[in-house]
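Subject: Structure handover

Hello,

Here is the structure I promised. My notes follow below it.

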Amino acid sequence: MTATAAVPTSDVDPFSHEVLEDPLPMHEQLREAGPVVYLSRYDTYAFARYEEVRAALVDWQDFSSAAGVGHANFRYEEPWRPPSLLLEADPPRHDAPRRVLTKVLGPRALRRLREDWSADAEALVDAVLAEGTTFDAAPALAGAFPLRVFPDAVGIPADGRENLLPYGDHAFNAFGPANDLVAKGAPRVAELSAWVASRCAREALGDDGFGAQIWAAADRGEITPAMAPLVVRSLLTAGVDTTVHGISAVLHAFATHPEQWQRLRAEPGLARVAFDEAVRWESPVQTFFRTATGDVEVGGVVVPDGRKILMFLASANRDPRRWADPDVFDLSRDPSGHVGFGFGIHQCVGQHVARLEAETLLTALAARVERIEPAGPPRRHHNNTLRAWASIPVRVTPV
Amino acid sequence: MTSTQRLTPVAATTSTVVLEVVDKTLVAEDVVALTLASPDGARLPDWAPGAHVDLVLPTGMTRQYSLCGDRFDPSTYRIGVLREASGRGGSAYVHDVLAPGDLVGVGGPRNNFPLVPADRYLFVAGGIGITPLLPMLHQADLLGADWQLLYGGRRRASMAFLDRLSGYGDRVRVAPQDESGLLDLAGFLGRPQPGTRVYCCGPAPLLAAIEAACSDWPPYSLRTERFAGGDLGAPARSAPFEVELARTGRTVTVGPGVGVLEAIGSVGVEVLSSCRQGTCGTCETTVLAGRPDHRDSLLDDDERAAGDCMYPCVSRSLDDRLVLDL
């Protein structure tokens, strides 16, 4: 391996439980080591600084997604499921599915949902507060709200929705190496995959949801009928866990930053900024891989053709080269430009959905809760790709 | 054309990127191909076949042209410009005055003519209408689709990019009118076939003819675009305008060198944004009064006409005053 001679090398395991519990020290170590670091344990290159991560996200020509955006290299390995037409595709195949989903999930399309989701958020917060003022915000709010509104918006029936979180959790684990987290999910893969596939068929979907609109696009020839179920599958895979953990992140941030909560209460219009700042600060999606399409030079290092590159989105979002006081959760910051949703042609197509969910929930909460504070130590949920909370005990003071 | 004298180079605004003409080549009678690149070599916004850009000339005129280069090259755009004898001077300026080294404003890209997936494509180009189809041919190859092209023009010497088509062999039928008469659309299209998409770009009579010829094809088989390159589009406004923020009660004047997003931010109203290229939609803002000058890649023509929202990272104002729900 000639190219690695000049590259700083690290034997860290980004997917170990120790790192998953607290990846921040590793992020700093990798950022400081150089613009490109060779991870000897996985024979993979890594970018941990903002500039290189953002450039790689944008440069689809040099950094391919079609060989998989996880550790597995589809050039040599069989994917665990048929690859995503969005996440695991390059132009030109990526174009049509992306174009359709961009429209279906676009900000204009979401306008009609705002009123309903605000009412849903108010109802959920009222119900939780009626049960008591001390509760676990991870399942009670962050877990409950997306599962309440998103599957309805997609148009999937009520039965079996409990499968969505485990399916998503496994899909995001599967982007990592074949470690114990992947093994843990393996026994249910066939069952969960079959259930998800069954929900993607035209006849299984409601008449006016995102799913039906995807099928309508197939009727207009914008995608093929064979693509439609896989595009629906992308919604069900990527649209639940990510939002749950994003909302967990902002709730935990507020519980530990009471002065920021007061700011939001004084200025509820900051809810959108607050969510994006939390996505920057916590980066619910921590990493994605790319594959070099040729010998690509980055920061004086040649990443050889066909090799995997691990992009640390979370580290880029706290790179002091880009952000002042990056470790501070601060509503006065402009978080625009963070890479928590990715960047470029693969930037999260559901980001407006996530923002609307978070905004309506935070707005409902801010109107009803004067103070929110920890009621016990929070507990992490480990996932190879996602930064997540299993539990966030809080005590609130209703208005 | 009111004047052919050289004007000062366009100023950078956030509604457009300023690109340099790095090459200008006569590729047929009355057709020049321009290659545009960022003066600092920066990556240009992504596009897909069928996309067009707004070209803002130093005269202030804005014209739309299809991108006909290679999307895998992120640092250059290529467009083909037909001299429009009856036009209002935009194409004449490009032909007679614009030179390598000059700077132009470029807005977009936007795509109203995307290549949808299909097993087989039939492409029909009339004259300069070849430009959006050129990258589609390459893309159809990449996708492993079967395709054929029928390319008509007045005479062979007036038909651009024949050299780029020569490698495709008998999949391309070149039919200059002075050699073979009007295009034989019926013969080229054959019987309607499900799974085949017909793409056509060219002058209005050709589009009318192909619509008639495809009338018994399954719905959505035919996709057309009037060729970009006509003298259309409102001139880009260079005078300052006022943006009133209805909820906060502030008003800010936006000069030509400043974007609306920055101007709003300068009076303390932060609008969340992300791509700052008019592609992601994060900064969508409701418009209460005034007509936005849309520069984004998101809204389709109907949505643009509705004028009820805008993306202030790139879009501006057509009127003196724009009122936003901020």
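How many residue pairs are in polar contact between chain B and chain A? The count is 19, with both residues at pLDDT 80 or more; a polar contact is a pair of N or O atoms within 3.5 Å, one able to donate a hydrogen and the other to accept it, and residues adjacent in sequence count only if both atoms are side-chain atoms.

This is a predicted model, where local features need pLDDT of at least 70, side-chain atom pairs count only at pLDDT 80 or more, and totals for chains, interfaces and linings use all residues. Residues are numbered from 1 along each chain, chains are lettered from A in the order written, and side-chain values use heavy atoms, without hydrogens and water.

The interface: chain B gives 36 residues to the contact and chain A gives 35 (contact: heavy atoms within 4.5 Å). About 2,900 Å² is buried between them, 49% of it from carbon and sulfur atoms (accessible area lost on being put together, 1.4 Å probe, summed over both parts). Arg43(B), Pro117(B) and Leu272(B) supply 21% of the area that chain B buries, more than any other three residues.

There are eight salt bridges across the interface (a Lys or Arg side-chain nitrogen within 4 Å of an Asp or Glu carboxyl oxygen). Asp308(B) forms a salt bridge with Arg111(A), with the closest N and O atoms 3.4 Å apart.

Now His352(A). Its side chain reaches the backbone oxygen of Cys280(B) at 2.7 Å. Beyond its neighbours within four places in sequence, His352(A) touches residues including Leu105(A), Gly281(B) and Thr282(B). His352(A) counts as buried because its relative accessibility is 10% (buried: under 20%, 1.4 Å probe, protein chains only).

Best wishes

Notes:
Buried < 20%, exposed > 50% of the residue type's maximum accessible area, 1.4 Å probe, protein only. Buried area = accessible area lost by both parts, 1.4 Å probe.
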